[in-house]
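The following exercises ask the reader to work from the structure shown below.

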Amino acid sequence: MSCEKNMKADEIVRLFNELTYRRYLVNKDQFQQILKGIRLQEYIALYHISQQASANGVCDGKMYLEDLSRLMSMPMSNTSKMIRKLQEGGFVYWTHDGDGSNGTYAVIAKGGWELMKQQAEKAKTYYGAVLDKFGKDNMVELIGLMKKLDEVLDDAQENM
């Protein structure tokens, strides 16, 4: 292998390691400080369920577990465990229509709405300070770049 190819391979590994480390740091402590009492995945699930409810009306805001599993790129068994935990905490109702052959779904409960409201207040305080320092334009650009990176990573994984 030529020296140039070795440098390129080393650079790829260095960048991958740095990206992995940065994503780990962001996910590890910052979110847990804000989300006290709920895991990040659970918060994201509640967010998706609340968005479904907001779009379709609180009474018809059904989020089928199959759809949630796909949105969160999680196996159905993990999604079911997470929804069970959210139900036990009083954040969602987990049910089905008829005999359940069309799948089960979650609907956000009063406790879920209250938690989302509390989290929104914490986010305003925390991310308001972050945006003041980092800048809204930088944040919007970063989120756009992260979305593009996720698409490229997904494509690369499918082609492996």
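**Exercise 1.** Is Arg70 buried or exposed?

*Solution.* The model is a predicted one. Step 1: the relative accessible area of Arg70 is 56%. Step 2: a residue counts as exposed over 50%. Step 3: Arg70 is therefore exposed, with its relative accessible area of 56%.

**Exercise 2.** State with which residue Asp67 forms a salt bridge, and describe where the two partners lie.

*Solution.* Step 1: the partner of Asp67 is Arg70, and the closest N and O atoms of the pair are 3.6 Å apart. Step 2: a salt bridge requires a side-chain nitrogen of Lys or Arg within 4 Å of a carboxyl oxygen of Asp or Glu. Step 3: both residues belong to helix α3 (residues 65-71), where they are three residues apart, about one turn of the helix. Step 4: Asp67 counts as partly exposed, because its relative accessibility is 31%.

**Exercise 3.** Determine which residues are joined by salt bridges that share partners.

*Solution.* Step 1: Arg39 and Glu42 form a salt bridge, with 3.5 Å between the closest N and O atoms. Step 2: Glu42 also meets the side chain of Lys85 in a salt bridge, at 3.4 Å from N to O. Step 3: this second pair links distant parts of the chain, since Lys85 is in helix α4 (residues 76-88) and Glu42 is in helix α2 (residues 40-56), 43 residues apart. Step 4: consider the accessibility of each residue. Glu42 has a relative accessible area of 3% and is therefore buried. Arg39, at 40%, is partly exposed, and Lys85, at 45% relative accessibility, also counts as partly exposed. Step 5: turn again to the pair in helix α3 (residues 65-71), Asp67 and Arg70. Salt bridges that share partners join Arg39, Glu42 and Lys85 into one network. Step 6: the count of salt bridges comes to four.

**Exercise 4.** Where does Ser73 lie, and what is its phi value?

*Solution.* Step 1: Ser73 is placed in the loop between α3 and α4. Step 2: its phi is near 50°, which is a positive value in a residue other than glycine. Step 3: with a relative accessibility of 68%, Ser73 counts as exposed.

**Exercise 5.** Identify the residues that make the nonpolar surface patch of about 200 Å², and those that gather in a patch of negative charge.

*Solution.* Step 1: the nonpolar patch is made by Leu19, Leu149 and Leu153. Step 2: Leu149 is part of helix α6 (residues 136-158), and its relative accessibility of 31% places it among partly exposed residues. Step 3: the negative patch on the surface consists of Glu151, Asp154, Asp155 and Glu158. Step 4: Asp154 is likewise found in helix α6, and at 43% relative accessibility Asp154 counts as partly exposed.

**Exercise 6.** How many helices and strands does the chain have, and what share of its residues is buried?

*Solution.* Step 1: the chain has six helices and three strands. Step 2: read from the N terminus, the order of elements is α-α-β-α-α-β-β-α-α. Step 3: 22% of the 160 residues count as buried. Step 4: the chain exposes about 11600 Å², of which carbon and sulfur atoms supply 56%. Step 5: among contacts with a separation of 6 or more, 50% come from residues 24 or more positions apart.

Notes. Residues are numbered from 1 along each chain as its sequence is written. This is a predicted model: local features need pLDDT of at least 70, side-chain atom pairs count only at pLDDT 80 or more; totals for chains, interfaces and linings use all residues. Side-chain values use heavy atoms; hydrogens and water are left out. Patches are made of residues with over 30% relative accessible area and no salt bridge: like charges are joined within 9 Å, nonpolar side chains (Val, Leu, Ile, Met, Phe, Trp, Tyr) within 5 Å. Accessible areas come from the Shrake-Rupley method with a 1.4 Å probe; for residues, only the protein chains shown count as cover. Helices (H or I, at least four residues) and strands (E, at least two) are DSSP runs, numbered from the N terminus. Buried means under 20% relative accessible area, exposed over 50%, partly exposed in between (1.4 Å probe, protein chains only). Lys and Arg count as positive and Asp and Glu as negative; His and the chain ends are not counted. The place of a charge is taken as NZ of Lys, CZ of Arg, CG of Asp or CD of Glu. Contact means heavy atoms within 4.5 Å.
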